[in-house]
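Subject: The structure I promised you

Hi,

Here is the structure we talked about. Have it open while you read the rest of this email.

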Amino acid sequence: MQHFDVVISGCGPTGGVLANLLAAQGLSVCVVERFPEVYPTPRAIVLDWEAMRALQYCGVAHTLFPSTRPHPGTDFLGVDGEIIKLFDPAPPPYALGWPSTSTFIQPELEKMLRRALSLRANVTMKLGCTVADFTEDTSRVIVTIADSATGARETATAAVLVGCDGANSEIRKRLGFSLEDYRFDEWWIVVDAWQLCDTELPRKTTQYCWPSRPATYVVGPGNLRRWEIKLLAHESPADFDDPARLRAVMANYVDIRCFDIWRSATYRFAARVGDRWASRRVFLAGDAVHQTPPFLGQGLCAGLRDAFNLAWKLVFAQRHGWSDALLSTYETERKPNVAKVIQHAKEFGLIIGEMDEARALERDRTLRAELREGRMTTTRQAFIPNLANGILVDDPLSGSLMVQPEIVSQDRARLMDDICPMAFLYVTANAAAQAWMEPHADAWRRIGGQRIVIQSSVQPAPDGVTALVEAGDIFAKWAAANSTAAVIVRPDRYVYATVQDENDLARKLTRLDAQLGLAD
Ligand SMILES: Cc1cc2nc3c(=O)[nH]c(=O)nc-3n(C[C@H](O)[C@H](O)[C@H](O)COP(=O)(O)OP(=O)(O)OC[C@H]3O[C@@H](n4cnc5c(N)ncnc54)[C@H](O)[C@@H]3O)c2cc1C
């Protein structure tokens, strides 16, 4: 019987990223995917900078980036067609190394993830297969894999099984776990189309908050454009099987003669979060454990956050021994975080989708006043919370994302994560703060920790410390603004702690050891 460190059921974006992150760290991974080919049409169209960072560690971000488009921002139009609310994109230089939001073509991303997996010797792909059964004991999971075409079955063992098998997750059902319903239930039709000729279109992504017919227009990459249109109370998805009906509705927003419709499909948008995210050795990630209406463009991004969070903990457990305490933080960190994102997405859905004219007019008055008086949050990423529980300390930066500066490397700029491995980092703004780590250097190395100093010019670095030169001043400004010369950064690039002096570092490393299950 073959043994794997991890078996993953489902090779959508979440499973594809998780498999790449684990395999890149040397774990043996078996990916079981029911379809032989990548699903050919997109659902997600928006990616954020944190998702790009996870893709960086999969080795696909730089390949994907040229085919993406930085998000132009979003205007929300009220009943009278004028702006009631907006999102501005963060201007460059980008604090996390990538545009805060970009549009992309989902099947292209999934193909890149699969290709990256096919090049890794420690990955076994079982395409056209499903997990037919599994049982777990304290030390392993026994997984039965069924070939859908032949019906042949084989059994494998794994330290961990992860269900990344989407909203109808069989793994979740077999675990008997349920989803808490956040009470959002609407039918929308989604149309992706290639623009063939010039026609009048909004410059920005646009939310038509029109009670007569709420809709979203998204400026995709290249000449891809998307409309998401709410079905009215008397309509059913089957009504849109008639292409003439679809074209008539789209005429509210655009001259559809200038477009070649790639695909259209109706979706029932829901908001749900899993009650439980894991048994002892079986975990759920992505849509298998949470589903969001797409109004913040966050379903896939949240799945990639799950993958990154779980990946470093599984790698750590594989190298340093299983720790229930460490692995339990996957749920305690991710569940409240995604629950807040989904609540925000639902709130935006209710703003956009209001179908009562009087309430819509009242909404417009309220939002316009907020916008006029500068009380409105106009950056989309402000709605993505920091981590609040888990492998963190009581420190204002703990749980926020470390910036990603550009680094001068052999006379060309690269991003920090291209150079720093997916490991704990002790990052300082000067060599002096590295001296605080000297008494702990061996222990730090044992957990794979790296020591990095980032400065504005080439300076000598102590032994065991990698000296990086920042191309701009993102890190220098961030460190100064947060009054810190040193930070401990987790492998998923969340800040664990700021460090003020050698005693502070000693205290925080002791705390980290305990949280990682290394205290004894
Ligand atoms: C209209 C729409 C617009 C969206 N827009 C955005 C957006 O702009 N940004 C964003 O971040 N998110 C968006 N989303 C959400 C996003 O598409 C999903 O959150 C994301 O695809 C989830 O990825 P996943 O890998 O968890 O699940 P899935 O994409 O569902 O992948 C699951 C995989 O598991 C496989 N599978 C299923 N069952 C089994 C089984 N029994 N055995 C083996 N394999 C199995 C499937 O074939 C599939 O490959 C949108 C969704 C919709 C519907």
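Predicted model: local features only at pLDDT ≥ 70, side-chain atom pairs only at ≥ 80, totals over all residues.

Below are some notes on what turned up, helix by helix and then residue by residue.

Residues are numbered from 1 along each chain as its sequence is written, and side-chain values use heavy atoms, with hydrogens and water left out.

Let's start with helix α2, residues 49–58. How many of its ten residues are buried? Ten of ten, so to speak: the helix is mostly covered, where buried means under 20% relative accessible area, exposed means over 50% and partly exposed is in between (1.4 Å probe, protein chains only). Among the buried ones are W49, M52, R53 and Y57. Just past α2, G59 has a positive phi of about 85 degrees.

Next, a pair of helices. Two packed helices are described by the angle between their axes and the distance between the axes. For α1 (residues 13–24) and α4 (residues 106–118), the axes come within 9 Å and cross at roughly 30 degrees; axes are lines fitted to C-alpha atoms, for helices over the stretch in contact, and angles run from 0 to 180 degrees between N-to-C directions. That makes α1 and α4 roughly parallel (angles under 35 degrees count as roughly parallel, over 145 as roughly antiparallel, 65 to 115 as roughly perpendicular and the rest as oblique). On the α1 side P13, G16, V17, A19 and N20 take part, and they meet Q106, E110, L113, A116 and L117 in α4; contact means heavy atoms within 4.5 Å.

Most residues other than glycine have a negative phi, and most peptide bonds are trans. Yet P92 and P93 are joined by a cis peptide bond, with omega about 0 degrees; P93 sits in the loop between β6 (83–87) and β7 (101–103). R183 is not a glycine, but has a positive phi of about 60 degrees. It belongs to strand β12 (residues 179–195). R493 also has a positive phi, about 75 degrees, without being a glycine, and is found in the loop between β24 (486–489) and β25 (495–499). Which of these is buried or exposed? R183 is exposed, at 70% relative accessible area, whereas R493 is buried, at 1%.

S169, in the loop between β11 (153–163) and α5 (170–175), is buried with a relative accessible area of 0%. Not counting residues up to four places away in sequence, S169 touches L284 and A288.

E186 lies in strand β12 and is buried at 13%. What does E186 contact, leaving aside neighbours within four places in sequence? K230, Y267, R268 and F269. The side chains of E186 and K230 are joined by a polar contact of 3.1 Å (a pair of N or O atoms within 3.5 Å; within protein, one must be able to donate a hydrogen and the other to accept it, and residues adjacent in sequence count only if both atoms are side-chain atoms).

Cheers

Technical notes
Helix = DSSP H or I, 4+ residues; strand = E, 2+ residues; numbered from the N terminus.
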